[in-house]
Amino acid sequence: MAFGRSSRRSQRPVEPVTLKILVAGGFGVGKTTAVGAVSEIRPLRTEERLSEAGRPVDDLEGVEGKTTTTVAMDFGRITLREDLVLYLFGTPGQDRFWFLWDELAQGALGAVVLADTRRLEDCFAAVDYFERRRIPFTVAVNCFEGAGRFPAETVRAALDLDPEVPVLLCDARDRSSVRDVLVAVVEHALERAARDRQPVAT
(Lines give C-alpha, C1' and ligand atoms only; values in the text may rest on other atoms or scores of the structure.)
Protein backbone atom coordinates (compact mmCIF):
# COMPACT_ATOMS: atom_id res chain seq x y z
CA MET A 1 0.00 0.00 0.00
CA ALA A 2 2.75 2.43 0.88
CA PHE A 3 4.35 1.90 -2.51
CA GLY A 4 1.04 2.57 -4.23
CA ARG A 5 0.59 5.89 -2.45
CA SER A 6 4.17 6.89 -3.26
CA SER A 7 3.63 6.00 -6.93
CA ARG A 8 0.49 8.11 -7.19
CA ARG A 9 2.23 11.05 -5.53
CA SER A 10 5.13 10.87 -7.98
CA GLN A 11 2.73 10.99 -10.93
CA ARG A 12 1.28 14.35 -9.96
CA PRO A 13 1.97 17.02 -12.57
CA VAL A 14 5.02 19.14 -11.83
CA GLU A 15 4.21 22.83 -11.38
CA PRO A 16 6.92 24.50 -13.47
CA VAL A 17 8.91 27.53 -12.43
CA THR A 18 8.37 30.34 -14.95
CA LEU A 19 11.10 32.86 -15.68
CA LYS A 20 11.05 36.02 -17.78
CA ILE A 21 13.89 36.65 -20.24
CA LEU A 22 14.31 39.72 -22.46
CA VAL A 23 15.75 39.54 -25.96
CA ALA A 24 17.26 42.92 -26.84
CA GLY A 25 19.64 44.54 -29.27
CA GLY A 26 19.78 46.98 -32.14
CA PHE A 27 17.45 47.46 -35.06
CA GLY A 28 17.44 44.48 -37.45
CA VAL A 29 19.74 42.29 -35.33
CA GLY A 30 17.42 39.26 -35.31
CA LYS A 31 15.36 39.53 -32.12
CA THR A 32 12.04 38.59 -33.75
CA THR A 33 13.74 35.76 -35.64
CA ALA A 34 15.32 34.37 -32.45
CA VAL A 35 12.05 34.40 -30.47
CA GLY A 36 10.22 32.77 -33.38
CA ALA A 37 12.88 30.10 -33.89
CA VAL A 38 12.75 28.82 -30.33
CA SER A 39 9.14 29.42 -29.24
CA GLU A 40 6.98 26.32 -28.77
CA ILE A 41 3.85 28.42 -29.23
CA ARG A 42 2.97 30.66 -32.12
CA PRO A 43 4.89 33.82 -31.19
CA LEU A 44 3.08 37.09 -30.65
CA ARG A 45 4.54 39.76 -32.91
CA THR A 46 3.83 43.46 -33.11
CA GLU A 47 5.47 44.20 -36.44
CA GLU A 48 4.61 47.03 -38.80
CA ARG A 49 5.89 47.73 -42.28
CA LEU A 50 8.68 50.26 -42.55
CA SER A 51 7.42 53.47 -44.07
CA GLU A 52 8.96 56.34 -45.99
CA ALA A 53 8.30 58.56 -42.96
CA GLY A 54 10.62 56.40 -40.88
CA ARG A 55 13.55 56.39 -43.29
CA PRO A 56 15.25 59.46 -41.77
CA VAL A 57 15.38 57.78 -38.33
CA ASP A 58 15.72 54.08 -39.22
CA ASP A 59 19.30 53.24 -40.21
CA LEU A 60 18.99 50.41 -42.76
CA GLU A 61 22.70 50.14 -43.52
CA GLY A 62 23.56 46.44 -43.42
CA VAL A 63 19.89 45.39 -43.27
CA GLU A 64 18.65 46.89 -46.52
CA GLY A 65 16.28 43.95 -47.10
CA LYS A 66 14.36 44.57 -43.86
CA THR A 67 10.74 45.56 -44.53
CA THR A 68 9.12 45.37 -41.07
CA THR A 69 9.98 46.41 -37.53
CA THR A 70 8.78 45.54 -34.01
CA VAL A 71 6.86 48.45 -32.49
CA ALA A 72 6.01 47.00 -29.05
CA MET A 73 7.38 43.52 -28.35
CA ASP A 74 7.71 39.92 -29.46
CA PHE A 75 6.51 37.18 -27.12
CA GLY A 76 7.26 33.47 -27.05
CA ARG A 77 7.61 30.54 -24.68
CA ILE A 78 10.02 27.63 -24.37
CA THR A 79 10.10 24.75 -21.90
CA LEU A 80 13.72 24.03 -20.98
CA ARG A 81 12.80 21.23 -18.59
CA GLU A 82 9.58 19.77 -17.24
CA ASP A 83 9.90 22.11 -14.27
CA LEU A 84 11.30 25.21 -16.02
CA VAL A 85 9.54 27.43 -18.56
CA LEU A 86 10.92 30.64 -20.04
CA TYR A 87 8.73 33.49 -21.24
CA LEU A 88 10.58 35.48 -23.88
CA PHE A 89 9.99 39.18 -24.50
CA GLY A 90 11.70 40.70 -27.53
CA THR A 91 12.23 44.44 -27.18
CA PRO A 92 11.86 46.98 -30.00
CA GLY A 93 15.20 48.03 -31.41
CA GLN A 94 14.64 51.63 -32.46
CA ASP A 95 15.38 54.55 -30.16
CA ARG A 96 11.87 55.96 -30.37
CA PHE A 97 10.39 52.81 -28.78
CA TRP A 98 12.81 52.55 -25.86
CA PHE A 99 10.23 54.00 -23.46
CA LEU A 100 8.72 50.47 -23.49
CA TRP A 101 11.86 48.84 -22.11
CA ASP A 102 11.27 49.73 -18.46
CA GLU A 103 7.88 48.05 -18.47
CA LEU A 104 9.16 44.98 -20.31
CA ALA A 105 12.13 44.66 -17.94
CA GLN A 106 10.00 44.43 -14.78
CA GLY A 107 10.45 41.02 -13.19
CA ALA A 108 13.01 39.80 -15.73
CA LEU A 109 15.53 37.22 -14.51
CA GLY A 110 17.97 38.12 -17.27
CA ALA A 111 18.44 39.17 -20.86
CA VAL A 112 20.04 38.29 -24.17
CA VAL A 113 21.74 41.12 -26.05
CA LEU A 114 21.91 40.15 -29.72
CA ALA A 115 24.82 41.69 -31.60
CA ASP A 116 25.78 42.03 -35.26
CA THR A 117 29.51 42.53 -35.85
CA ARG A 118 28.72 44.76 -38.86
CA ARG A 119 26.83 47.14 -36.55
CA LEU A 120 28.29 46.37 -33.14
CA GLU A 121 27.66 49.88 -31.85
CA ASP A 122 23.91 49.26 -32.17
CA CYS A 123 23.94 47.05 -29.08
CA PHE A 124 25.82 49.53 -26.85
CA ALA A 125 22.54 50.99 -25.56
CA ALA A 126 21.19 47.56 -24.57
CA VAL A 127 24.44 46.62 -22.80
CA ASP A 128 24.39 49.94 -20.93
CA TYR A 129 20.71 49.52 -20.01
CA PHE A 130 21.20 46.11 -18.37
CA GLU A 131 24.46 47.07 -16.69
CA ARG A 132 22.87 50.14 -15.08
CA ARG A 133 19.90 48.13 -13.80
CA ARG A 134 22.05 45.17 -12.73
CA ILE A 135 20.04 42.76 -14.87
CA PRO A 136 22.25 39.74 -15.74
CA PHE A 137 22.73 39.42 -19.49
CA THR A 138 24.50 37.35 -22.10
CA VAL A 139 25.79 38.74 -25.40
CA ALA A 140 24.95 36.53 -28.38
CA VAL A 141 26.64 37.42 -31.67
CA ASN A 142 24.21 36.60 -34.48
CA CYS A 143 26.42 35.19 -37.24
CA PHE A 144 24.96 36.79 -40.35
CA GLU A 145 26.18 35.59 -43.74
CA GLY A 146 28.93 37.87 -44.95
CA ALA A 147 29.59 39.33 -41.50
CA GLY A 148 33.06 39.12 -40.00
CA ARG A 149 33.64 36.30 -37.52
CA PHE A 150 35.56 37.31 -34.43
CA PRO A 151 36.55 35.40 -31.28
CA ALA A 152 34.32 35.94 -28.26
CA GLU A 153 37.11 37.74 -26.41
CA THR A 154 37.47 40.25 -29.27
CA VAL A 155 33.75 41.04 -29.03
CA ARG A 156 34.05 41.28 -25.24
CA ALA A 157 36.86 43.82 -25.54
CA ALA A 158 35.00 45.85 -28.19
CA LEU A 159 31.92 46.08 -25.94
CA ASP A 160 34.01 46.63 -22.78
CA LEU A 161 32.17 43.83 -20.98
CA ASP A 162 32.90 42.55 -17.50
CA PRO A 163 34.76 39.20 -17.51
CA GLU A 164 31.73 37.41 -16.02
CA VAL A 165 29.38 38.28 -18.91
CA PRO A 166 29.05 35.27 -21.24
CA VAL A 167 29.66 35.93 -24.94
CA LEU A 168 28.45 33.32 -27.43
CA LEU A 169 28.16 32.95 -31.19
CA CYS A 170 24.73 31.95 -32.43
CA ASP A 171 22.40 31.63 -35.40
CA ALA A 172 19.10 33.34 -34.56
CA ARG A 173 17.33 31.14 -37.12
CA ASP A 174 18.37 27.90 -35.43
CA ARG A 175 16.30 26.57 -32.51
CA SER A 176 19.11 24.66 -30.81
CA SER A 177 21.50 27.62 -31.15
CA VAL A 178 19.04 30.05 -29.55
CA ARG A 179 18.19 27.49 -26.86
CA ASP A 180 21.87 27.25 -25.92
CA VAL A 181 21.97 31.04 -25.52
CA LEU A 182 18.90 30.98 -23.25
CA VAL A 183 20.40 28.22 -21.10
CA ALA A 184 23.54 30.36 -20.73
CA VAL A 185 21.45 33.36 -19.63
CA VAL A 186 19.60 31.36 -16.97
CA GLU A 187 22.81 29.79 -15.65
CA HIS A 188 24.57 33.17 -15.54
CA ALA A 189 21.64 34.84 -13.75
CA LEU A 190 21.35 32.07 -11.16
CA GLU A 191 25.10 32.04 -10.53
CA ARG A 192 25.10 35.79 -9.97
CA ALA A 193 22.09 35.56 -7.66
CA ALA A 194 23.91 32.91 -5.62
CA ARG A 195 27.01 35.13 -5.37
CA ASP A 196 24.92 38.11 -4.30
CA ARG A 197 23.37 36.04 -1.50
CA GLN A 198 26.76 35.02 -0.07
CA PRO A 199 27.72 36.92 3.10
CA VAL A 200 30.59 39.36 2.73
CA ALA A 201 33.73 38.13 4.49
CA THR A 202 34.93 40.38 7.33
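1. Arg 134 is found in the loop between H4 and strand E6 (137–142). Helices (H or I, at least four residues) and strands (E, at least two) are DSSP runs, numbered from the N terminus. Arg 134 has a positive phi of about 55 degrees, although this residue is not a glycine. Most residues other than glycine have a negative phi. With a relative accessibility of 52%, Arg 134 counts as exposed; the classes are buried for under 20% relative accessible area, exposed for over 50% and partly exposed in between, with a 1.4 Å probe and protein chains only.

2. On the basis of the model: this is a predicted model, in which local features need pLDDT of at least 70 and side-chain atom pairs count only at pLDDT 80 or more, while totals for chains, interfaces and linings use all residues. Residues are numbered from 1 along each chain as its sequence is written, and side-chain values use heavy atoms, with hydrogens and water left out.

3. Asp 160 is another residue to check. Its phi is near 55 degrees, a positive value in a residue other than glycine. Asp 160 lies in the loop between helix H5 (152–159) and strand E7 (167–170). At 63% relative accessibility, Asp 160 counts as exposed.

4. Which residues of H5 are buried? Val 155, Arg 156 and Leu 159 are. These residues lie on the same side of H5, because they cover an arc of only 105 degrees around the axis, the arc being that of the directions from the helix axis to the C-beta atoms. Glu 153 and Ala 157 are exposed, on the face of H5 turned away from its buried side.

5. On aromatic contacts: rings of Phe, Tyr and Trp (its six-membered ring) pair if their centres lie within 6.5 Å; planes under 30 degrees apart count as stacked, over 60 as edge-to-face and the rest as tilted. By this rule there are six aromatic pairs. In one of them, Phe 75 and Tyr 87, the ring centres are 5.9 Å apart and the planes are at 20 degrees, so the pair is stacked. Phe 75 lies in strand E3 (residues 68–81) and Tyr 87 in strand E4 (residues 84–90), so the pair ties together parts that are twelve residues apart in sequence. Tyr 87 is partly exposed, with a relative accessible area of 30%.

6. Trp 101 and Phe 130 also form a stacked pair, at 6.1 Å centre to centre and with 20 degrees between the planes. This pair links distant parts of the chain, 29 residues apart: Trp 101 is in helix H3 (residues 101–105) and Phe 130 in helix H4 (residues 124–132). Trp 101 is buried, with a relative accessible area of 4%, and Phe 130 is buried at 1%. One aromatic cluster is formed by Trp 101, Tyr 129, Phe 130 and Phe 137.

7. Two charges over rings can be noted. A charge sits over a ring if NZ of Lys or CZ of Arg is within 6 Å of the ring centre and within 35 degrees of the ring normal. The charged end of Arg 133 sits over the ring of Tyr 129, 3.7 Å from its centre. The charged end of Lys 20 sits over the ring of Phe 89, at 4.8 Å from the centre of that ring.

8. Helix H3 also holds Leu 104. At 9% relative accessibility, Leu 104 counts as buried. Leu 104 and Thr 91 are 13 residues apart in sequence, and their C-alpha atoms are 7.5 Å apart in space.

9. How many cavities of 30 Å³ or more does a search of the whole structure find? The search finds two. On a 1 Å grid over the protein atoms alone, a cavity is a set of points where a 1.4 Å probe fits but cannot get out, and lining residues have an atom within 4 Å of a point. Grid points are joined across faces, edges and corners, and a volume is the space filled by probe spheres set on the points.

10. The largest cavity has a volume of about 60 Å³. Its lining includes Val 23, Ala 34, Ala 140 and Cys 170. Strand E5 (110–115) and helix H6 (175–197) are the elements that give two or more residues to this lining, and H6 gives the largest share, three residues. The lining of the largest cavity has nine nonpolar, no polar and no charged residues; Ala, Val, Leu, Ile, Met, Phe, Trp, Tyr, Cys and Pro count as nonpolar, Asp, Glu, Lys and Arg as charged, and the others, Gly among them, as polar.

11. The second largest cavity holds about 50 Å³ of space. Among the residues that line this cavity are Thr 117, Asn 142, Phe 144, Arg 149 and Leu 169. By class, the lining of the second largest cavity has six nonpolar, three polar and one charged residues.

Note on methods:
1 Å grid on protein atoms, 1.4 Å probe; cavity = no way out; pocket = protein on both sides within 12 Å on 5 of 7 lines; lining within 4 Å.
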